[in-house]
Amino acid sequence: MGTPLKDVTIKADAPSELLLQKHVDYIAAYSDKVNDYEYVMTEYLRMSGIYWGITALDLMKQLPKMNKEEVVSFVKSCQHDCGGIGASVSHDPHLLYTLSAVQILSIFDAVDAIDVDKVVEFIRGLQQEDGSFMGDQWGEIDTRFSFCAVACLALLKRLDVINVDKAVEYVVSCKNFDGGFGVRPGSESHSGQIYCCVGMLAITNSLHHVDPDLLGWWLCERQLPSGGLNGRPEKLPDVCYSWWVLASLKVMGRIHWIDKSKLERFILACQDEETGGIADRPGDIVDPFHTLFGVAGLSLLGSYRNQLKAVNPVFCMPEETLTRLGVRTQLL
C-alpha cells in the first residue's frame with residue numbers, strides 16, 4: 001500500500017458561494033485594528049499587508065473603502081534615503097516591500113508620491129554580476145527578488161536600468177529537470193518560486209525558456225482530491241497556491257489543465273461565514289494574505305465575473321490597472 005495523500009476533507013455544510021460583502025467588511029475592518037495583538041505583531045509585514053488588502057478590495061470593486069490619502073502618506077513615510085522602501089516606518093528597506101509599495105501606489109495612481117528615481121537606483125544597485133538580485137543590503141539571493149526587481153521596474157517603465165539579459169540568464173540557471181524553478185541554482189522546484197520565475201520571464205518577454213507542457217504537468221499534479229493545490233509533493237493544499245500555481249498555468253496557456261470546479265469548491269470552503277475572510281484551509285483562521293489569493297484565484301478561474309474584476313496573472317493586480325499604466329506582459 002502506498003502512503004495516503006496528505007489532504008483535507010471538505011464538510012458537506014462548508015460555504016459554497018462567494019461571501020463577497022463579508023470579505024469586503026473583513027478587509028475594511030482589519031485596518032482599524034491598530035491596537036490588536038495580531039496587528040501589532042505583524043508590523044514587519046505591514047506594507048505587504050496593505051497591498052493584500054487594497055488589491056482584494058479593488059478586485060471586489062470596493063477600493064473606495066480604503067482611505068487613499070492615509071495609505072499614500074504611509075507608503076511615502078516608509079521610503080529611505082537610499083530609495084528603498086521598508087515594511088513599516090523605520091524598518092529596513094527591502095525589495096519585497098518596495099514592490100508592494102509600488103503596486104499600492106500604481107493601483108491608486110499615485111506613484112509620484114515617492115522619489116521614483118531613487119527607487120530605481122536602489123533596485124539597480126541590488127543586481128549582482130551573475131544577474132541575480134539581493135533582497136537588501138544584507139546579501140540574500142533568491143529568485144523572488146529577481147521577480148520583484150523586474151516587476152517594480154516594469155511598473156515604473158524603467159526596465160532599461162538593469163542588465164535584463166543577465167537577469168534572465170540567472171533565472172534560467174535555476175530551472176530544474178522537472179521544468180520547475182527553485183530559490184537558487186540546484187534548489188528544488190516549488191510553486192511559489194515557479195510563479196516568480198515564470199512571471200519574471202513573462203515581463204522580460206523570455207517565456208521561450210519555459211517548457212509549458214513539462215512544467216504545466218508538474219503544476220497540475222499539485223491538485224489534490226479535495227480540489228486544493230499544494231506547493232510541492234506531499235504537502236497539504238493551501239489557498240495561496242490557488243494563485244501561485246494557477247497564475248503560472250494562466251501565463252503558460254495551460255489553466256484548462258486544472259479541474260476548475262473542484263478548485264473553486266475548495267477556495268469557497270475556506271471562507272469564514274461569520275467574520276468573512278479566507279483561510280489557508282477549511283476551518284482555519286482567516287487572514288488578509290489568503291483572502292487576497294483566494295479572491296484572485298476565483299478571478300483567474302473566471303468565477304463570479306459580475307462581482308470580481310479580472311486579475312492580471314503576472315502582477316496580481318486588476319487587469320484594468322495594468323492597461324491604464326500601459327504595462328504589457330508576454331503570455332503563451
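I'll start with Tyr 304, which sits in the loop between α13 and α14. Helices here are DSSP runs of H or I with at least four residues, strands are runs of E with at least two, and both are numbered from the N terminus. Tyr 304 is not a glycine, yet its phi is positive, at about 55°. With a relative accessible area of 16%, Tyr 304 counts as buried. The cut-offs, with a 1.4 Å probe and protein chains only, are under 20% for buried, over 50% for exposed, and partly exposed in between.

Before going on, the ground rules. This is a predicted model, in which local features need pLDDT of at least 70 and side-chain atom pairs count only at pLDDT 80 or more, while totals for chains, interfaces and linings use all residues. Residues are numbered from 1 along each chain as its sequence is written, and side-chain values use heavy atoms, with hydrogens and water left out.

Back to phi. Most residues other than glycine have a negative phi. Glu 234, also not a glycine, has a positive phi of about 70°. Glu 234 belongs to the loop between α10 (212-220) and α11, and its relative accessible area of 47% makes it partly exposed.

Now the overall picture. The protein has 14 helices and 0 strands. For 332 residues, a compact globule would have a radius of gyration near 20 Å, and the 19 Å of this protein agrees with that. The radius is taken over C-alpha atoms, and the globule rule is 2.2 Å times the number of residues to the power 0.38. Along the principal axes, the C-alpha atoms fill a box of roughly 55 × 45 × 35 Å. Of the 332 residues, 58% are buried. The accessible surface is about 14,400 Å², and carbon and sulfur atoms hold 50% of it; areas come from the Shrake-Rupley method with a 1.4 Å probe, and for residues only the protein chains shown count as cover. Among contacts with a separation of 6 or more, 69% join residues 24 or more positions apart, a contact being heavy atoms within 4.5 Å.

What does helix α7 look like? Its 13 residues, 143-155, should span 18 Å at 1.5 Å a residue, and the end C-alpha atoms are 19 Å apart, which agrees. The expected span is 1.5 Å times one less than the number of residues. Of those 13 residues, 12 are buried, so α7 is largely enclosed by the rest of the structure. The buried residues pack against α5 (95-107), α6 (116-124), α8 (164-172), α9 (191-203) and α14 (319-325).

Arg 144 is in α7 and, at 28% relative accessibility, counts as partly exposed. Beyond four places in sequence, Arg 144 contacts Leu 96, Gln 193 and Cys 196. The C-alpha atoms of Arg 144 and Cys 196 are 5.6 Å apart, although 52 residues separate them along the chain. Gln 193 lies in α9 and is buried at 9% relative accessibility. The residues that Gln 193 touches include Asp 142, Thr 143 and Phe 181.

Which residues of the largest nonpolar core touch the most other members? They are Trp 243 and Phe 315, in a core of 120 residues. The largest share, 10 residues, comes from α7. Such a core is a set of buried Ala, Val, Leu, Ile, Met, Phe, Trp, Tyr and Cys residues joined through side-chain atoms within 4.5 Å. Setting aside residues up to four places away, Trp 243 touches, among others, Tyr 195, Phe 293, Leu 300 and Pro 313.

Last, is Asp 280 buried or exposed? At 15% relative accessibility, Asp 280 counts as buried. Its place is the loop between α12 (260-269) and α13 (288-301). The side chain of Asp 280 makes a polar contact with the side chain of Arg 281, at 3.4 Å. A polar contact is a pair of N or O atoms within 3.5 Å; within protein, one must be able to donate a hydrogen and the other to accept it, and residues adjacent in sequence count only if both atoms are side-chain atoms. Outside four places in sequence, Asp 280 touches residues including Phe 266 and His 290. Phe 266 is one of the buried residues of α12, whose cover includes α11 (241-251) and α13.
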